[in-house]
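The exercises below concern one structure. Each gives a task and then a solution in steps.

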Amino acid sequence: HRDLHSFPTRRSSDLREAYLEGLNAGLADEDGVESAFEVVTDINEQVRSGQWVGDCFIYTNVTNRLNYLVGDQTYTIANFDEGKYLLGYLQRDSRVYLADKDVGVVSFRIPIALLEYETLVLRGDVEGAQNILPDVPPDQMNKVARFLDGQDYKELALEVATDPEHRFELALSLKNLSVA
């Protein structure tokens, strides 16, 4: 088990260079080279298994949840009665695959475009995120709307929300009575 904050959060060329320099200087230990890690956020959680998908970390934890971390935000995909282990993410299927101790396999759909969109929004690149929005599957728009609402982009959330109740709440909060 590793604390989540001890995983690298970006794989930029600067961090790769810092790793190689530290390795050549004999600064590497069993955890790697400290200067090659950049901590973005600190979350008190124990990871059972995980995988980086771009700038997103998909993981299972010891409380039997499948989560993903984008920027400093954690989202739960599923809860389980027993521990599951991440087998991997297949981008061509947009699915994450997990197995239990009896090798029973389950999968969950997580579109890569959704992860990229959320990453760009959290970085403050809303314009870049809007360019990716057409690639996000239509059935994920309510999830996008809830995400945008949580990030206080209520106008954008109202534009993409399809759930009538959520649209109503957003319209009221924006004092847009004609839409409400």
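**Exercise 1: a salt bridge at the end of a strand**

Asp139 is exposed, at a relative accessible area of 54% (exposed means over 50%, buried under 20% and partly exposed in between, with a 1.4 Å probe and protein chains only). The model is a predicted one, in which local features need pLDDT of at least 70 and side-chain atom pairs count only at pLDDT 80 or more, while totals for chains, interfaces and linings use all residues. Residues are numbered from 1 along each chain as its sequence is written, and side-chain values use heavy atoms, with hydrogens and water left out.

Task: find which side chain meets Asp139 in a salt bridge.

Solution.
1. A salt bridge requires a side-chain nitrogen of Lys or Arg within 4 Å of a carboxyl oxygen of Asp or Glu.
2. The side chain that meets Asp139 in this way is that of Arg109, at 2.9 Å, N to O.
3. Asp139 sits in the loop between H3 and H4 and Arg109 in strand S8, so the pair ties together parts that are 30 residues apart in sequence. Helices (H or I, at least four residues) and strands (E, at least two) are DSSP runs, numbered from the N terminus.
4. Arg109 counts as partly exposed, with 36% relative accessibility.

**Exercise 2: another pair**

Task: state whether Asp100 and Lys84 are buried or exposed, and locate them in the chain.

Solution.
1. The side chains of Asp100 and Lys84 form a salt bridge at 3.8 Å, N to O.
2. Asp100 belongs to the loop between strand S7 (95-99) and strand S8 (105-109), and Lys84 to the loop between S5 and strand S6 (85-90), so this pair ties together parts 16 residues apart in sequence.
3. Both residues are buried.
4. The structure holds 5 salt bridges.

**Exercise 3: the faces of H4**

Task: determine which residues of helix H4 are buried and what they pack against.

Solution.
1. In H4 (residues 141-150), the buried residues are Met141, Val144, Ala145, Phe147 and Leu148.
2. Viewed down the axis of H4, these residues fall within an arc of 165°, so they line one face of the helix; the arc is taken over the directions from the helix axis to the C-beta atoms.
3. Arg146 and Gly150 are exposed on the other side of H4.
4. The buried residues pack against strand S5 (73-79) and helices H2 (112-122), H5 (154-160) and H6 (164-173), where contact means heavy atoms within 4.5 Å.
5. Just after H4, Asp152 has a positive phi of about 70°. Asp152 is exposed, with a relative accessible area of 57%.
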